[in-house]
Amino acid sequence: MKTKNVEISLSQAAHRYSVEIGYDLLRNSGSWAKSCLSPGAQKIVIISNAKIFKIYGETVRKSFENAGFEVFVWLMKDGEKYKNLRSFETALAFLSERKLTRNDAVIALGGGVVGDLSGFASSVYLRGIAFLQIPTTLLSMIDSSVGGKTGVNSSFGKNLIGTFHQPNAVLIDVLTLKTLPRRELTAGFCEAVKHGAISNEGLFHQTAGFLNNYKIEKYKTLFSNQGFIENLSDLIHAQVSFKAEIVLNDEREDINRIDSKSRKILNFGHTLGHALEKVTGYKYFKHGEAVGYGILFAAALSKKLDILSKNEVKSLNDVLCKVGGLPETRNIDLKEVVEAFSFDKKTTGKTLQWILLSGIGKPVIVSSREIPQSIIEESLIEVLQK
Ligand SMILES: NC(=O)c1ccc[n+]([C@@H]2O[C@H](COP(=O)([O-])OP(=O)(O)OC[C@H]3O[C@@H](n4cnc5c(N)ncnc54)[C@H](O)[C@@H]3O)[C@@H](O)[C@H]2O)c1
Ligand SMILES: [Zn+2]
């Protein structure tokens with residue numbers, strides 16, 4: 001299979017990088033890195049966690065060593081709760097003790113947690129060193145590894161401390177998805193449906209078609225099927241291209257923009273998603289699963305406001321039925337969910353802005369002042385308690 005590329009050329013930072021997508025690419029990750037880093041790069045720190053490193057780490061380490069790099073490995077603990085300032089400080093200490101210079105580089109091998117923390121550490125160490133992403137979850141392939149947002153969670157809130165630091169390159173090996181737990185795949189597909197819903201009918205139908213053709217429950221057995229691998233790579237390529245297009249248009253998420261190409265639209269499905277995660281103590285849902293409900297809710301709201309047709313709501317519901325099942329929500333207290341929305345409002349310092357749809361591929365930003373509370377409550381019941 002030929003590899004596919006997405007070229008990302010950022011104006012503000014005068015920075016250009018490439019996302020390479022293909023099959024069984026880890027074995028040559030060292031020579032790929034050699035071609036993306038400055039000729040003076042000698043030391044490499046791979047940041048990962050024990051679970052991922054056990055499966056893929058040695059292949060990557062060997063490939064980097066064969067390419068002539070001096071390789072060090074720092075493994076963080078696995079889980080969102082370790083994406084914190086303490087891990088960040090430990091990562092910086094590791095880079096400093098290994099005496100990395102500004103020619104050297106950090107490699108993130110893992111999902112969004114590893115990617116966000118590694119990106120943040122590499123952006124401040126010596127005021128910024130090179131950073132390569134090797135994402136290993138569907139969510140990190142199509143979402144977090146592209147766009148340059150890095151950061152950690154803290155007592156102030158999730159993802160509120162961080163930087164914009166673009167990677168020097170991204171390597172997506174679709175074969176790594178073979179070992180991804182099923183719920184993580186479902187979470188990634190919810191974000192893929194989100195991209196489809198806000199981008200254009202082409203990406204929406206491609207995502208829906210993929211989910212129609214391949215049952216998520218059986219995906220592990222599908223990796224021996226060449227057609228599946230081609231279609232999966234094509235889908236990831238299309239998803240990354242869409243994310244790149246939005247990011248290029250609005251590199252730093254201008255808070256005043258409310259047009260349909262602003263980076264804000266990537267928050268489609270996220271207001272309810274974040275509220276559901278918060279009221280369940282960030283333990284019950286995978287982030288993407290909560291976003292799945294957020295998409296259904298935004299569709300229900302849009303329908304009640306008469307801006308989205310019944311058929312389009314049905315299409316969104318149908319595709320989300322195929323992502324592999326979302327956790328039960330009947331016991332969730334809706335009052336707490338509504339309170340969590342107002343928390344979201346405080347963090348933005350403005351009236352809450354809902355990302356809704358006036359059609360597939362037609363996101364609109366609507367102020368909560370324009371939406372009666374009764375419609376919010378009816379839609380919550382419809383989506384969470386039916
Ligand atoms: N920077 C951004 O723009 C951006 C965008 C979206 C999300 N995020 C962040 O991404 C994070 C979520 O990322 P995620 O969904 O990748 O979760 P994750 O990084 O926690 O990975 C999910 C789980 O899968 C395991 N895993 C990863 N790859 C595997 C593989 N190939 N085989 C087996 N197990 C594997 C991990 O060890 C972990 O247990 C959140 O912290 C979120 O805030 C950032
Ligand atoms: Zn998300």
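This is a predicted model: local features need pLDDT of at least 70, side-chain atom pairs count only at pLDDT 80 or more; totals for chains, interfaces and linings use all residues.
1. Overall build. The chain has 13 helices and eleven strands. Its C-alpha atoms fill a box of roughly 60 × 45 × 40 Å along the principal axes. A compact globule with 386 residues would have a radius of gyration near 21 Å; the chain has 20 Å, which agrees.

2. Of the 386 residues, 48% count as buried.

3. Two domains. The domain assignment gives domain 1 (4-179) and domain 2 (181-386). Their centres, taken over C-alpha atoms, are separated by 26 Å. The contact between them takes 25 residues from domain 1 and 27 residues from domain 2.

4. The domain 1 side of that contact. Strand S1 (4-10), strand S2 (15-22) and helix H5 (138-144) each supply at least two residues here. H5 gives the most, with five residues. By class, this side of domain 1 has 16 nonpolar, five polar and four charged residues.

5. The ligand. Which residues come nearest to ligand 1? Of the 29 residues around ligand 1, these are Gly111, Gly112, Val113, Thr137 and Ser144. The elements that give two or more residues to the shell are helix H2 (50-66), helix H4 (112-124), helix H5 (138-144) and helix H6 (182-199).

6. Make-up of the shell. The shell around ligand 1 draws at least three residues from each of domain 1 and domain 2. By class, the shell has eight nonpolar, 13 polar and eight charged residues.

7. Helix H9. This helix spans residues 270-279 and is mostly covered, with nine of its ten residues buried. The buried residues are His270, Thr271, Leu272, Gly273, His274, Ala275, Leu276, Glu277 and Val279. Gly281 follows H9 and has a positive phi, near 65°.

8. Helix H11, buried side. In H11 (residues 310-320), Glu312, Leu316, Val319 and Leu320 are buried. Seen down the helix axis, the buried residues fall within an arc of 100°, so they line one face of H11. An α-helix has 3.6 residues a turn, so residues three or four places apart point the same way. The buried residues of H11 pack against H6, helix H7 (201-213) and H10.

9. Helix H11, other side. Is this side buried or exposed? Here Lys310, Asn311, Lys314 and Asp318 are exposed.

10. Ile295. This residue lies in helix H10 (residues 287-304). Why does Ile295 count as buried? Ile295 has 27 other C-beta atoms within 10 Å, and the cut-off for a buried residue is 20 or more.

11. Partners of Ile295. Leaving aside neighbours within four places in sequence, Ile295 is in contact with Val193, Lys194, Ala197, Phe268, Gly269, Leu316 and Leu320. Leu316 and Leu320 are among the buried residues of H11, and those buried residues pack against H10. The C-alpha atoms of Ile295 and Val247 are separated by 21 Å, and the two residues lie 48 residues apart along the chain.

How values were computed. Residues are numbered from 1 along each chain as its sequence is written. Chains are lettered from A and ligands numbered from 1 in the order in which they are written. A residue is near a molecule or strand if its C-beta atom, placed from the backbone, lies within 6 Å of it. Helices (H or I, at least four residues) and strands (E, at least two) are DSSP runs, numbered from the N terminus. Ala, Val, Leu, Ile, Met, Phe, Trp, Tyr, Cys and Pro count as nonpolar, Asp, Glu, Lys and Arg as charged, and the others, Gly among them, as polar. Domain bounds come from an automatic or database domain assignment. A residue is buried if 20 or more other C-beta atoms lie within 10 Å of its own, exposed if 12 or fewer, and partly exposed in between; C-beta atoms are placed from the backbone. Two residues are in contact if their C-beta atoms, placed from the backbone, lie within 7 Å. The radius of gyration is taken over C-alpha atoms; the globule rule is 2.2 Å times the number of residues to the power 0.38. The arc is that of the directions from the helix axis to the C-beta atoms.
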